[in-house]
Number of protein chains: 2
Amino acid sequence: MRNIDEHTITQAVLEAMANSPNERLRTVMTSLVNHLHAFAREVQLTEEEWWKGIEFLTAAGHITNDKRQEFILLSDVLGLSTLVTAQNNVKPAGCTESTVFGPFYVESAPRYENGADIANGAKGTPCYVAGTVKGLDGKPVANAKINVWQSDEDGFYDVQQPNAASEHEHRARGELRSDAEGKFHFRSILANFYPIPHDGPVGAMLAHMARHPWRPAHLHFMIEAPGYQRLITHVFRDGDKYLDSDAVFGVRSSLIADWVKHEAKDGEPAFYTLDYDFVLNPASA
Amino acid sequence: MRNIDEHTITQAVLEAMANSPNERLRTVMTSLVNHLHAFAREVQLTEEEWWKGIEFLTAAGHITNDKRQEFILLSDVLGLSTLVTAQNNVKPAGCTESTVFGPFYVESAPRYENGADIANGAKGTPCYVAGTVKGLDGKPVANAKINVWQSDEDGFYDVQQPNAASEHEHRARGELRSDAEGKFHFRSILANFYPIPHDGPVGAMLAHMARHPWRPAHLHFMIEAPGYQRLITHVFRDGDKYLDSDAVFGVRSSLIADWVKHEAKDGEPAFYTLDYDFVLNPASA
């Protein structure tokens, strides 16, 4: 293994990995090395560009913390997240489609009873959300664990706020349970379109490529129940101007819903309602 | 751009990048996205594996600081560094070959006069290094800037020491100049074989793949002079047991030299000598 050059390096790396006891890891890494090297050869990557890549990854690592995930953003804007989500969530017709997870989920969101105001002080026009969780057979799924998270009217998630928020101060996110009929409902605020965080290396990359960072308004849902595949998805707001240019390629027509506006009346301020039902795929399907 | 699935996502991303005003960036990113997606499809990357990848990159970012560069290590052990170095340093026969930069160079190393002891307290058997810097035409290159850096006898670079070292306390690294005849010489210590830092995510990856982290003993050189291409290379120690399995694929036969041992005599301790000449490629070549 001396005198390795640009023609023999790929085979040398694959041979070095040949004794990996983990067959799946070897399979994944073999493909990764093949494609990484093919990329570098195809564009004749320069040493200066290689260094810019090292600097980019370093900056992404340094801006990532427990409230910000630049590597998920990177995966999102390069379409990898949508690809991985899609190829792992092929479901029978009738099931609610999946879309990207995004970087803003947090574990241990506050638990709420149905009917609660999960906004918890987040800014925005009131929005009342209701729906039913069903199986593909149409039967209601009781006691499903429903996580919801969203931006406020300024386009920020709670974890993006400057004085962000101990876990006891989460806003516009929460965990609920469906009732015996599979139903859930809560009060929150109207989600708004927003830019993905673009003050870091991923934002700089988008700017250099003349790509905008905007996402159409949506609510995130993660729904889990025994006997069903976990569903990670969004519900998008119909009419949003970014539905056809989502920076992270997450929009699916079946996930766009009408968020109905109710004008101010009799001294009551305006509010919105959203009704959306979710259909889970049986775990065995 | 709605209803993007695993078959249409690649084209959608390429279209989103189509307006990039930087043609080279668009070329590089197009190839990167194509290969990234091809990789994910080829291995049918799962959501759990995707998440492990996000975690790996995050951990690599968090362990990287001004003394440790995990992303260069990653590039090194995947052979990308050797590939990029090789394809950018095709030179006429007779020039000193290049090899990988590695993660341990630091800017503003201390400057020394010829003859100085650059070990500066680093542990190891004394080693006297001498050589000449020439051009491909055989003429000496005067006043070339020569950076050298190396591990100590325990296999550690100064920046890896627990109490690592303000920049005024660098050990076994320095910057010298060739004299009017292109000659340089300095005292240091015998470099030893060593493992790349393997207490981080790259080390864990190597362990999972049954790959060892060792590199054969070497001195790093970076040599710069007006009118010549910058040379980044190593000089390896002949006989080292890791010459045929360098963890980062950097060994070239032309860079292996005899480090001559001089036994202890007349109360003088043993020492080594290394003589090695460097031949620079003219910048216009």
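**View 1. Strands β8 and β9 of chain B run parallel to each other in this predicted model.** Strand β8 of chain B, which spans residues 231–237, pairs with β9(B) in the parallel sense over two bridges, where pairing requires that DSSP finds at least two bridges between the strands. Within β9(B), A257(B) is the bridge partner of R237(B). Strands are DSSP runs of E with at least two residues and helices are runs of H or I with at least four, both numbered from the N terminus. Residues are numbered from 1 along each chain as its sequence is written, while chains are lettered from A and ligands numbered from 1 in the order in which they are written. Because the model is predicted, local features need pLDDT of at least 70 and side-chain atom pairs count only at pLDDT 80 or more, whereas totals for chains, interfaces and linings use all residues.

**View 2. The open sheet of chain B has five strands.** Their order is β3-β2-β7-β8-β9, and the pairing is mixed. At the edges stand β3 (173–177) and β9 (256–257) of chain B, each with a single partner strand, so one side of each is left without a neighbour in the sheet.

**View 3. Chain B touches chain A through 69 residues, and chain A likewise contributes 69.** Two residues count as in contact if their C-beta atoms, placed from the backbone, lie within 7 Å. On the side of chain B that touches chain A, α2(B) gives the largest share, 15 residues.

**View 4. Chain A is divided into domain 1 (9–45) and domain 2 (70–280).** These bounds come from an automatic or database domain assignment, and the centres of the two domains, taken over C-alpha atoms, are separated by 37 Å.
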